[in-house]
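Keep the sequence and the model side by side as you read.

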Amino acid sequence: MKVIMMGCGRVGAQLAGTLDSEGHKVTVMDIDPFSFRKLPSSFKGTALAGNGLDADALKKAGIEEADVFVAVTQGDNRNVMACQIAKHIYHVPKVVCRIYDPIREEMYRNLGLETVSPTTVVAELLKKKVEAT
Amino acid sequence: MYIVIVGGGEVGYHLSKVLLNDGHEVLILEQDAARCERLQEELGSIVVRGDGCEAATLDKVGTARADMLVAVTDADAHNLVSCQVAKHRFNVPRTIARITDPRNETIFKVLGIDVTVCSTQLILAHIEQELPSHPLIRLLKLKKGTLEVVEVKIPPDSKFIGKRLGEFRLPKDSAVLLLVGKDKGPKIPTPDTVIEAEDEVVALTKAENEEAIRAMLSSK
């Protein structure tokens, strides 16, 4: 699969590394090229300095042929906007969006985005740890 | 009308003054504490500190009864999300977003934002108008349909100089609205009006005819 990722923080870099090692064609975008240092040294995909909200940068990343688009920047709104561009303008078949705010996450899930809210997920995991005896 | 403004920058501030003056009920949401305090000193309790993208904040300020939400922060993504939350969670009938990147206009439209205002585009158009050699300027794009108002300057060597406007065969769905003479100033044209060098022709046309109309008026 051809995967485009927006945001190369801890989560982005780790996911990019994993998908790449499993044989997918991965392009990671980040506005700050310094963040590409987080990618594993074995990463064979493409690291592209650019803004995932910018049509030119998205085209350069190959959005028109992408099978999957994943948005994992720190900003919920940027993730949401980029994912909607990928879905509604470039018709990427699978679009996954990280949204910290659970209320916004629920709304965009209802609007047809595939969403993950780390807030909800981590809170549940922590709760289980707390309750485990 | 009850109007919620997201973003208390220069645009939000001046917009609120205009709307208040027109007798509307206005509420401004501003995230920055210092900015918020300054606005509150002048405008009082209609300024609330908070994130206009957050449903909880929008709920608190009564967005559900708002007739309109106007998002004018300087980040396109924030404005998009504010409008979407207003629309989908609070059923606000009309949402208006400011955008800075003209290329974002399409996605905002596709996602159902009622009106977008692109400050960059407006500034560009004004500056282009001041450039002596610019061939065609888009002055206004009508909201419905594909009609727009454009301005073309007749070059000094155009073959139309000295001819009557009635002799022109404009592209389909086009009309000349106004002629602005270099020295004579604006004039509402009739078919007998004679074109002079460096006249500015203000015309209504369809977006797809823009190039045709430009080529025609500047042909030698």
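**A sheet and its helices**

A hairpin joins β9(B) to β10(B) through 3 residues. This is a predicted model, in which local features need pLDDT of at least 70 and side-chain atom pairs count only at pLDDT 80 or more, while totals for chains, interfaces and linings use all residues. Residues are numbered from 1 along each chain as its sequence is written, chains are lettered from A and ligands numbered from 1 in the order in which they are written, and side-chain values use heavy atoms, with hydrogens and water left out.

Helices (H or I, at least four residues) and strands (E, at least two) are DSSP runs, numbered from the N terminus. Two strands pair if DSSP finds at least two bridges between them. β9(B) and β10(B) pair in the antiparallel sense over 3 bridges. Gly181(B) stands opposite Gly185(B) in β10(B).

Now look at the other partner of this pairing. Strand β9 of chain B, residues 175-181, also pairs with strand β11 of chain B, residues 200-206. That pairing is antiparallel, over 5 bridges. Ala175(B) stands opposite Leu204(B) in β11(B). Val176(B) faces Ala203(B) in β11(B) as its opposite residue.

Step back to the whole sheet. In chain B, 5 strands form an open sheet in the order β7-β8-β11-β9-β10, with antiparallel pairing. β7 (136-141) and β10 (185-187) of chain B stand at the edges; each has a single partner strand, so one side of each is left without a neighbour in the sheet. From one strand to the next, the twist averages 25 degrees.

Helices lie against this sheet. For angles, axes are lines fitted to C-alpha atoms, for helices over the stretch in contact, and angles run from 0 to 180 degrees between N-to-C directions. Contact means heavy atoms within 4.5 Å. Helix α6 of chain B (residues 119-130) lies across β7 and β8 (147-153) of chain B, and runs at about 145 degrees to β7(B). Helix α7 of chain B (residues 210-218) packs on the sheet and touches β7, β8 and β11 of chain B. The direction of α7(B) makes about 20 degrees with that of β8(B).

Which residues of α7(B) are buried? They are Glu210(B), Ile213(B), Met216(B), Leu217(B) and Ser218(B). Buried means under 20% relative accessible area (1.4 Å probe, protein chains only). The cover over these residues includes β7, β8 and β11 of chain B.

**Two helix pairs**

Stay in chain B for one pair. Helix α1 (residues 10-21) and helix α2 (residues 33-43) of chain B pack at an angle of about 20 degrees, with axes 12 Å apart. That makes α1(B) roughly parallel to α2(B), a term for angles under 35 degrees. Glu10(B), Tyr13(B), Ser16(B), Lys17(B) and Leu20(B) of α1(B) meet Arg35(B), Leu39(B), Glu42(B) and Leu43(B) of α2(B).

The other pair joins two chains. Helix α4 of chain A (residues 102-110) packs against helix α4 of chain B (residues 76-90) at about 70 degrees, with axes 11 Å apart. That makes α4(A) roughly perpendicular to α4(B), the term for 65 to 115 degrees. From α4(A), the contact uses Ile103(A), Arg104(A), Glu106(A), Met107(A) and Tyr108(A). From α4(B), Val81(B), Gln84(B), Val85(B), His88(B) and Arg89(B) take part.

Definitions and conventions:
Parallel < 35°, antiparallel > 145°, perpendicular 65-115°, else oblique. Buried < 20%, exposed > 50% of the residue type's maximum accessible area, 1.4 Å probe, protein only.
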